[in-house]
Amino acid sequence: MSDPSGPGIVLSNKSAQEQTYVFYDNFWNGDGTAGANFDRPGTSVTLQPDQTQFVSLPDTFKGRVQRGTQQPATWAEFQVKADNDGAAHGDISLEQGCDGAAVISATDGSGRSNGFSDDILSGAPDAALGQRSDGVRALATTMGNWTGGPNQAAIDYLNQVVGQQKAYIVGGTGTDDVASSNMCLAVDFY
């Protein structure tokens with residue numbers, strides 16, 4: 001693993017296959033809101049199974065990292081340096097779907113962590129699933145997007161097996177924020 005010296009993400013592939021992870025910087029950011037970027041991918045990193053790499057990012061980065069470029073996908077959302085306290089902050093979001101588990105953790109020694117590591121796709125009801133153009137089956141969006149409205153079966157299933165405290169399912173509040181005072185978070189994708 002590269003030494004996490006400076007702002008960024010310690011990215012780990014905990015899956016059994018090679019994965020490419022793509023970072024998306026938001027188009028705009030407001031007070032609790034953001035303009036999600038769907039069509040301008042930034043840095044991409046390909047990791048072998050059980051490989052970890054530090055990804056240096058500017059302290060102005062506010063966005064996400066996900067597997068590949070397609071939706072539905074699990075998002076690890078974060079900002080490297082918050083205006084109010086100078087710390088990195090992040091969470092896991094399933095609002096645009098779920099293509100596998102993810103955990104986000106502080107790297108400052110505080111022990112803060114959130115997300116989930118269980119395989120929830122294999123037990124998902126068919127009504128909650130969709131298939132991306134790359135052939136990957138994933139849980140559908142819980143908030144809606146250009147492909148259609150919210151998928152109620154996905155909302156119900158995710159609330160049952162993950163819960164709003166571990167990951168954003170329907171937005172709003174109730175998901176624990178992970179803060180790291182050293183402007184560096186760890187993201188594990190399973």
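**Reading a buried residue**

Mentor: Glutamine 66 counts as buried, because its relative accessibility is 0%. Buried means under 20% relative accessible area, exposed over 50%, and partly exposed in between, with a 1.4 Å probe and protein chains only. Please note that this is a predicted model, in which local features need pLDDT of at least 70 and side-chain atom pairs count only at pLDDT 80 or more, while totals for chains, interfaces and linings use all residues. Residues are numbered from 1 along each chain as its sequence is written, and side-chain values use heavy atoms, with hydrogens and water left out.

Trainee: In which strand does glutamine 66 lie?

Mentor: Helices (H or I, at least four residues) and strands (E, at least two) are DSSP runs, numbered from the N terminus. Glutamine 66 belongs to strand E7, which covers residues 62–67.

Trainee: Which backbone oxygen atoms lie 3.2 Å from a polar atom of the side chain of glutamine 66?

Mentor: A polar contact is a pair of N or O atoms within 3.5 Å; within protein, one must be able to donate a hydrogen and the other to accept it, and residues adjacent in sequence count only if both atoms are side-chain atoms. Here the side chain of glutamine 66 has a polar atom 3.2 Å from the backbone oxygen of glycine 68, and the backbone oxygen of glutamine 70 is also 3.2 Å from a polar atom of that side chain. Contact in general means heavy atoms within 4.5 Å. Beyond four places in sequence, the residues that glutamine 66 touches include Thr20, Tyr24, Trp75 and Phe189. Gln71 is also one of these, and a cis peptide bond, with omega about 0 degrees, joins glutamine 71 to proline 72. Proline 72 is in the loop between E7 and strand E8 (75–79).

Trainee: Is serine 180 buried or exposed?

Mentor: Serine 180 is buried, with a relative accessible area of 0%, and its place is in strand E14 (residues 178–180). Its side chain reaches the backbone nitrogen of threonine 107 at 3.1 Å and makes a polar contact of 2.6 Å with the side chain of asparagine 182.

Trainee: Where is aspartate 50, and what is its phi?

Mentor: Aspartate 50 lies in the loop between strand E5 (44–47) and strand E6 (52–56). Its phi is near 60 degrees, a positive value in a residue other than glycine. Aspartate 50 counts as exposed, because its relative accessibility is 63%. Methionine 183 likewise has a phi near 60 degrees, and is found in the loop between E14 and strand E15 (184–189).

Trainee: What volume does the second largest pocket have?

Mentor: Rolling a probe the size of a water molecule over the atoms shows where empty space is left. The second largest pocket has a volume of about 210 Å³. Among its lining residues are Arg67, Gly68, Asp99 and Arg132.

Trainee: How much of the chain is buried?

Mentor: Buried residues make up 48% of the 190 residues. Of the contacts in the chain with a separation of 6 or more, 62% are between residues 24 or more positions apart. The C-alpha atoms fill a box of roughly 45 × 35 × 30 Å, taken along the principal axes.

Technical notes:
On a 1 Å grid over the protein atoms alone, a cavity is a set of points where a 1.4 Å probe fits but cannot get out, and a pocket is an open set with protein on both sides within 12 Å along at least five of seven lines; lining residues have an atom within 4 Å of a point. Grid points are joined across faces, edges and corners, and a volume is the space filled by probe spheres set on the points.
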